[in-house]
Amino acid sequence: MAIIVTCPGCRKSFSVSEKFAGQTGPCPKCKTKIRIPKAENAVKVHGGEAFSANAGQMVLKPIKRREWKVDPVMWVVVIIGTLATYAITFLLGTVLNKSTIFTAISLVVITPPLVYLPYIFLRNAEEIEGLSIRELVLRTALCTAAYVLLWGGFIFFSKNVVPAFGGDLLVWLVMSVPFLIVGALFGSVCYNLEWGDGVVHMVFYIIITLSLCYVGGIDFVSSAQNASYSASGSGEKVPPPPPPGG
């Protein structure tokens with residue numbers, strides 16, 4: 001029967017043959033002196049005989065680090081697709097500013113690759129390979145729908161709510177925080193990410209979409225500020241004209 005021993009120095013667990021019970025020897029990992037308990041004092045583990053062939057070896061599996069597989073072809077496609085997207089956005093900037101429907105359709109088209117790309121880096125390659133294509137498509141579709149709806153809600157609030165509060169920087173920051181939190185929550189749930197990774201996922205999407213807005217000349221911030229100024233101006237009372245000869 002094998003005896004499970006934990007080193008007091010490095011806290012690693014090992015399986016040792018019962019013939020060494022009661023003896024003292026160095027830890028294979030850190031060389032700390034370890035006294036092997038006697039068989040009658042050791043905790044009995046059912047099926048412990050399976051460890052006898054691995055005497056002196058680590059029992060606990062070390063934590064596996066996140067690894068990414070670098071695919072040159074994929075990176076070439078990503079780079080070319082990114083450059084093409086920015087070029088098309090720049091050329092169609094006038095159309096995007098005039099047509100809200102076309103802008104919404106464009107957002108729906110570019111969002112799936114934008115939500116899937118960071119997921120490749122935030123999860124292990126083995127975990128991604130363990131998912132079927134149907135599962136990946138479903139997760140990406142749900143995350144796309146959530147992010148597009150959040151963008152639509154943000155633009156709606158920027159044009160209808162922000163002007164009522166003056167449209168200054170503090171108002172924008174306060175309004176942006178709930179959208180960021182909800183977006184990170186959706187990203188975490190859709191792709192089964194940790195909360196911190198969900199925030200990174202959402203921030204990546206926001207940065208790319210804002211940069212595309214800048215390239216295409218889509219400036220909803222200025223339009224909201226102009227609406228704010230118009231609202232404040234329309235609310236002012238115009239003094240009556242002075243009386244004749246006054």
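This is a predicted model: local features need pLDDT of at least 70, side-chain atom pairs count only at pLDDT 80 or more; totals for chains, interfaces and linings use all residues.
Me: What is the mean pLDDT of the protein, and what share of its residues reach 70 or more?

Reply: The mean pLDDT is 74, and 71% of the residues reach 70 or more. Over residues 59–65 the pLDDT is below 50, and this stretch has seven contacts in the model beyond near neighbours in sequence. Residues 227–232 also have a pLDDT below 50, with four such contacts.

Me: Why is H201 called buried?

Reply: H201 has a relative accessibility of 0%, and since buried means under 20%, H201 counts as buried. This residue is found in helix α7, which covers residues 195–216.

Me: Which residues are in contact with H201 once its neighbours within four places in sequence are left aside?

Reply: The partners of H201 are V115, P118, Y119, L122, C143, Y147, Y191 and L193. One of them, Y119, stands 82 residues away along the chain, while its C-alpha atom and that of H201 are separated by 7.3 Å.

Me: Why do T144 and S188 count as buried?

Reply: The threshold is again under 20%, so T144, at 7% relative accessibility, counts as buried, and S188, at 9%, counts as buried too. T144 is found in helix α5 (residues 133–160) and, leaving aside its neighbours within four places in sequence, is in contact with V108, T111, P112 and V115.

Me: Why is L92 called partly exposed?

Reply: Partly exposed covers the values between the 20% limit for buried and the 50% limit for exposed, so L92, at 31% relative accessibility, counts as partly exposed.

Me: Which residues make the nonpolar surface patch, and which helix gives the largest share?

Reply: I88, F90, L91, L92, V95 and F102 make a nonpolar surface patch of about 570 Å². Helix α1 (residues 72–91) contributes the largest share, three residues.

Note on methods. Residues are numbered from 1 along each chain as its sequence is written. Side-chain values use heavy atoms; hydrogens and water are left out. Helices (H or I, at least four residues) and strands (E, at least two) are DSSP runs, numbered from the N terminus. Buried means under 20% relative accessible area, exposed over 50%, partly exposed in between (1.4 Å probe, protein chains only). Contact means heavy atoms within 4.5 Å. pLDDT is the predictor's confidence in each residue, from 0 to 100. Patches are made of residues with over 30% relative accessible area and no salt bridge: like charges are joined within 9 Å, nonpolar side chains (Val, Leu, Ile, Met, Phe, Trp, Tyr) within 5 Å. Accessible areas come from the Shrake-Rupley method with a 1.4 Å probe; for residues, only the protein chains shown count as cover. A salt bridge is a side-chain nitrogen of Lys or Arg within 4 Å of a carboxyl oxygen of Asp or Glu.
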